[in-house]
Amino acid sequence: MALTALAGAVMLTSAVWFARQKTTINPLHPERASHLVTTGPYAISRNPIYLADAALLLAWALWLGNAAGVLMVPVFMRTLTRLQIRSEEQALAVKFAETYRDYCRRVRRWL
């Protein structure tokens, strides 16, 4: 339950940081971003919402007592990186150029 609460808090906080910058949270259109958010939870992880998703998946697997579900969390993270995150990163690199590349050097993709 604690992991679920933490993941929910990270997800909500991360969304609020996007709203404060008045930029899109839509992962399907990262090119529409008007600001690069690098503070708050984004100073710790470039993808705190996806990290929260992985934590929720882990919490669910633990709640069910399902070892296979726990083992699927890294698979989920790898798949998400390949199918979603990399394309987002490319779009942000085009949009924000060196500022984004500097951010990537300072902050890890997951943790």
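Tutor: Start with K22. At 70% relative accessibility, K22 is exposed, because the cut-off for that class is over 50%. The model is predicted, so this value and those below are computed from predicted coordinates. K22 sits in the loop that links helix 1 (2–21) to helix 2 (48–64). Its position is just after helix 1, and its phi there is positive, about 55°. K22 is not a glycine, yet it carries that positive value. Most residues other than glycine have a negative phi.

Helix 1 has 20 residues. From its first C-alpha to its last it reaches 29 Å, close to the 28 Å expected at 1.5 Å a residue.

Next, its buried side. The buried residues of helix 1 are A7, S14 and F18. Viewed down the axis of helix 1, these buried residues fall within an arc of 40°, so they line one face of the helix. The face turned away from that buried side carries exposed residues: A2, A5, L6, L12, A19 and R20. Note that this list includes the leucines L6 and L12.

What covers the buried residues? Helix 2 is part of the cover over the buried residues of helix 1.

Turn to the packing itself. Two packed helices are described by the angle between their axes and the distance between the axes. For helix 1 and helix 2, the angle is about 165° and the axes lie 8 Å apart. The two helices are therefore roughly antiparallel to each other, since the angle of about 165° falls in the class over 145 degrees. The crossing of helix 1 past helix 2 is left-handed. On the helix 1 side, the contact is made by L3, T4, A7, V10, M11, S14 and A15. On the helix 2 side, it is made by P48, I49, A52, D53, A55, L56, L58, A59 and L62. A7 and S14 are buried residues of helix 1, and both are among the residues that contact helix 2.

One comparison case lies elsewhere. A97 also has a positive phi without being a glycine, with a value near 45°. K22 is in a loop, whereas A97 lies in helix 3 (residues 67–106). A97 is partly exposed, with a relative accessible area of 33%, while K22 counts as exposed.

How values were computed
Residues numbered from 1 in each chain as written. Predicted model: local features only at pLDDT ≥ 70, side-chain atom pairs only at ≥ 80, totals over all residues. Heavy atoms only, no water. Helix = DSSP H or I, 4+ residues; strand = E, 2+ residues; numbered from the N terminus. Buried < 20%, exposed > 50% of the residue type's maximum accessible area, 1.4 Å probe, protein only. Expected span 1.5 Å × (residues − 1). Arc of directions from axis to C-beta. Contact = heavy atoms within 4.5 Å. Axes fitted to C-alpha atoms, helices over the stretch in contact; angles between N-to-C directions. Parallel < 35°, antiparallel > 145°, perpendicular 65-115°, else oblique. Left-handed = near helix turned anticlockwise from the far one by under 90°.
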